[in-house]
Amino acid sequence: MSCKNGVSRYAKQVIADDELITVGHKSVPILAVSRAFGKTTITYGDMNKPKQKIFADNDNVVINEKVYRQRIKTQQV
């Protein structure tokens, strides 16, 4: 099943300004991203009940395409 609002990126390319697309096609903010020993830990959700997921650096993560494109656009200026 695909998501029309998401774009797939490697976990090592995700930054805290992006938003994750969940299994239910919801966009949730990323609170923090940390990398060590070939792993990327992404903390997401809200500040009261954050969740963490550990990915290998080359695992695919689906992020919000609109937020991603806006970030890329501002970096090019």
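Let's start with arginine 71, which counts as buried because its relative accessibility is 13% (buried means under 20% relative accessible area, exposed over 50% and partly exposed in between, with a 1.4 Å probe and protein chains only). You'll find arginine 71 in helix 1, residues 65-76. Leaving aside residues up to four places away in sequence, arginine 71 touches Gln13, Ile15, Asp17 and Asp18, where contact means heavy atoms within 4.5 Å.

Before going on, keep in mind that this is a predicted model, in which local features need pLDDT of at least 70 and side-chain atom pairs count only at pLDDT 80 or more, while totals for chains, interfaces and linings use all residues. Residues are numbered from 1 along each chain as its sequence is written, and side-chain values use heavy atoms, with hydrogens and water left out.

Now step back to the whole chain. The protein has one helix and six strands, and along the sequence they come in the order β-β-β-β-β-β-α. Both kinds of element are DSSP runs numbered from the N terminus: helices are H or I with at least four residues, strands are E with at least two. The radius of gyration is 12 Å, close to the 11 Å from the globule rule for 77 residues, so the protein is as compact as a globular protein of that length. (That radius is taken over C-alpha atoms, and the rule is 2.2 Å times the number of residues to the power 0.38.) Of the 77 residues, 29% count as buried. Among contacts with a separation of 6 or more, 44% are between residues 24 or more positions apart.

What sits inside? The largest nonpolar core has 12 residues: Val7, Ala11, Val14, Leu20, Val28, Ile30, Ile42, Tyr44, Phe55, Val61, Ile63 and Tyr68. Strand 3 (27-36), strand 4 (39-45) and strand 6 (60-64) each give at least two residues to this core. Such a core is a set of buried Ala, Val, Leu, Ile, Met, Phe, Trp, Tyr and Cys residues joined through side-chain atoms within 4.5 Å. Take isoleucine 30: not counting residues up to four places away in sequence, its contacts are Val14, Ile15, Ala16, Asp18, Glu19, Leu20, Ile42, Thr43 and Tyr44.

Finally, the rings. The charged end of lysine 12 sits over the ring of tyrosine 10, 5.8 Å from its centre, and the charged end of lysine 53 sits over the ring of phenylalanine 55, 5.9 Å from its centre. "Over" here means that NZ of Lys or CZ of Arg is within 6 Å of the ring centre and within 35 degrees of the ring normal.
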